[in-house]
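Let us read this model together, one feature at a time. Take a look before the questions start.

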Amino acid sequence: MATAAGPLLNDIKISAKPVAGSFKAKFMDAYHRLKKELIADSESFSHTFESREWVSEVLDYNVPGGKLNRGLSVVDSLVLLRSGEELSEDELFLAFALGWCIEWLQAYFLILDDIMDDSHTRRGQPCWFRQPKVGLIAANDGILLRNHISRILKRHFHDKPYYQDLRELFDEVEYQTACGQMLDLITTPPGEVDLSKYVMDTYLRIVKYKTAYYSFYLPVACALYMSGEDDKSKFESAERILVQMGTYFQIQDDYLDCYGHPDVIGKVGTDIEDTKCSWLIVQAIARASPEQKSRLYNNYGRKDPACVAEVKKVYNELNLEKLFLDYESESYENFMSIINEEKSIELQQVLKLFLSKIYKRQK
């Protein structure tokens with residue numbers, strides 16, 4: 001089996017060098033410009049001094065604190081779709097603006113998700129709703145962030161032929177994500193452990209709709225619109241492949257939560273204690289003997305380290321680590337096969353870039 005630096009990964013050839021990494025500083029400059037515009041916008045609401053200060057803090061605390069991979073992927077994708085040609089400053093800013101719309105969407109999702117999960121930390125700091133002066137005001141802050149997206153699109157894309165397409169795209173992806181979140185919540189309600197609900201069909205639906213669309217398909221769809229693409233088959237091909245990649249990415253996350261080293265992944269995995277409907281528990285239940293299944297039922301979703309250890313012991317008995325590594329290699333071969341069938345060389349490059357970023361990742 002190939003290692004992270006082995007021959008399989010080196011098979012991914014990208015003809016145009018992605019630029020987003022070198023534009024991170026400009027990407028942050030675009031954030032500050034968009035933030036300033038939103039706070040100064042008085043078309044529908046005239047801010048008071050206090051409301052301006054509040055919105056400023058909401059934005060700075062919640063929007064730019066992540067890795068920014070989703071937003072920067074818009075720029076990477078656009079460069080490759082344009083065959084590596086240099087983008088003008090105006091085009092770069094518009095790509096940055098769309099990237100930030102995705103980061104705004106992510107922040108909106110996370111604020112509400114943390115409330116629903118009663119979480120304590122996010123990105124190494126207390127969840128926004130845990131701030132003493134915030135509490136459930138955070139729910140309205142999330143709604144504000146979602147509305148900011150519409151205002152950014154209206155301000156900077158209203159005269160573009162693809163403006164309505166962008167509006168519908170963000171609406172559709174938000175709906176898909178909300179449906180995925182609903183399915184996740186009703187499958188794992190707080191205080192209840194019912195492992196009979198943890199089946200692969202349900203798991204794949206949760207992952208597809210809650211994560212894959214907004215994390216993988218949305219950045220590329222934005223770049224396709226910006227590139228002037230109007231061939232529906234390219235959008236459909238990108239959606240089909242990228243949603244599969246998003247599923248693979250989440251399965252990786254589930255694997256790393258259990259088997260990744262905390263010093264590498266940057267956190268201690270808690271999926272077992274948190275009763276997550278993860279790929280590992282779904283696979284374990286499907287493969288366990290009656291005795292092993294009983295141990296899973298008796299220990300999954302408990303905060304006791306001994307219970308966590310017992311669940312991991314069952315995972316090891318079922319050799320789930322090898323099951324994942326085999327799945328990972330098979331997924332790579334499948335992705336490369338379907339990507340190489342794509343007629344558009346530019347779209348091939350985008351898809352290979354996404355695959356190169358996630359294949360064999362360690363965190």
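Q: Where does Thr 275 sit?
A: Thr 275 is in the loop between helix H10 (262-265) and H11. Keep in mind that the model is predicted.

Q: What is the phi of Thr 275?
A: It is positive, about 60 degrees, although Thr 275 is not a glycine.

Q: Is Thr 275 buried or exposed?
A: Use the cut-off: buried means under 20% relative accessible area. Thr 275 has 11%, so it is buried.

Q: Which other residue has a positive phi although it is not a glycine?
A: Asp 118 has one, of about 55 degrees. Asp 118 also lies in a loop, here between helix H5 (89-117) and strand E1 (121-122).

Q: How is the accessibility of Asp 118 read?
A: Exposed means over 50%, and partly exposed lies between that and the buried limit. Asp 118 has a relative accessible area of 47%, so it is partly exposed.

Q: What does Lys 303 show, and where is its place?
A: Lys 303 is in the loop between helix H12 (290-299) and helix H13 (305-317). With a relative accessible area of 60%, Lys 303 is exposed.

Q: Which residues is Lys 303 in contact with, leaving aside its neighbours within four places in sequence?
A: A contact here is a pair with heavy atoms within 4.5 Å. On that basis Lys 303 is in contact with Glu 273 and Asp 274, its neighbours within four places in sequence being left aside.

Q: How far apart are the C-alpha atoms of Lys 303 and Arg 205?
A: They are separated by 27 Å. Along the chain, Lys 303 and Arg 205 are 98 residues apart.

Q: Now a tryptophan. Where is Trp 279 found?
A: Trp 279 is in helix H11, which covers residues 279-287. Its relative accessibility is 3%, so Trp 279 counts as buried.

Q: Which residues is Trp 279 in contact with, beyond its neighbours within four places in sequence?
A: Leaving those neighbours aside, the partners are Met 200, Tyr 203, Ile 251, Asp 254, Leu 320, Leu 323, Phe 324 and Tyr 327.

Q: How far is Trp 279 from Arg 33?
A: Their C-alpha atoms are separated by 41 Å. The two residues are 246 apart along the chain.

Q: What about Glu 174: buried or exposed?
A: Glu 174 has a relative accessible area of 17%, so it is buried. It lies in helix H7 (residues 163-187). Leaving aside neighbours within four places in sequence, Glu 174 is in contact with Tyr 108, Phe 109 and Arg 146.

Q: And His 32: which helix holds it?
A: His 32 lies in helix H2 (residues 24-40). At 44% relative accessibility, His 32 counts as partly exposed. The C-alpha atoms of His 32 and His 158 are 21 Å apart, for residues 126 apart along the chain.

Q: How many disulfides are there?
A: The test is a pair of cysteine sulfur atoms within 2.5 Å. By this rule the count is zero. Cys 277 is in no disulfide, and the nearest cysteine sulfur, that of Cys 258, is 15 Å away.

Q: Now the whole chain. How many helices and strands does it have?
A: The protein chain has 15 helices and two strands. Along its principal axes, the C-alpha trace spans about 65 × 50 × 35 Å.

Q: What does the radius of gyration say?
A: Compare it with the value for a compact globule. For 363 residues that would be near 21 Å, and the protein chain has 21 Å, so the two agree.

Q: What share of the residues is buried?
A: Of the 363 residues, 52% count as buried. The protein chain exposes about 17400 Å², and carbon and sulfur atoms supply 51% of that area.

Q: What about contacts between residues at least 6 apart in sequence?
A: Among these, 77% join residues at least 24 apart.

Q: How many charged side chains are there, positive and negative?
A: The protein chain has 44 positive and 55 negative ones. The centres of the two sets lie 2 Å apart.

Methods
Residues are numbered from 1 along each chain as its sequence is written. This is a predicted model: local features need pLDDT of at least 70, side-chain atom pairs count only at pLDDT 80 or more; totals for chains, interfaces and linings use all residues. Side-chain values use heavy atoms; hydrogens and water are left out. Helices (H or I, at least four residues) and strands (E, at least two) are DSSP runs, numbered from the N terminus. The radius of gyration is taken over C-alpha atoms; the globule rule is 2.2 Å times the number of residues to the power 0.38. Buried means under 20% relative accessible area, exposed over 50%, partly exposed in between (1.4 Å probe, protein chains only). Accessible areas come from the Shrake-Rupley method with a 1.4 Å probe; for residues, only the protein chains shown count as cover. Lys and Arg count as positive and Asp and Glu as negative; His and the chain ends are not counted. The place of a charge is taken as NZ of Lys, CZ of Arg, CG of Asp or CD of Glu.
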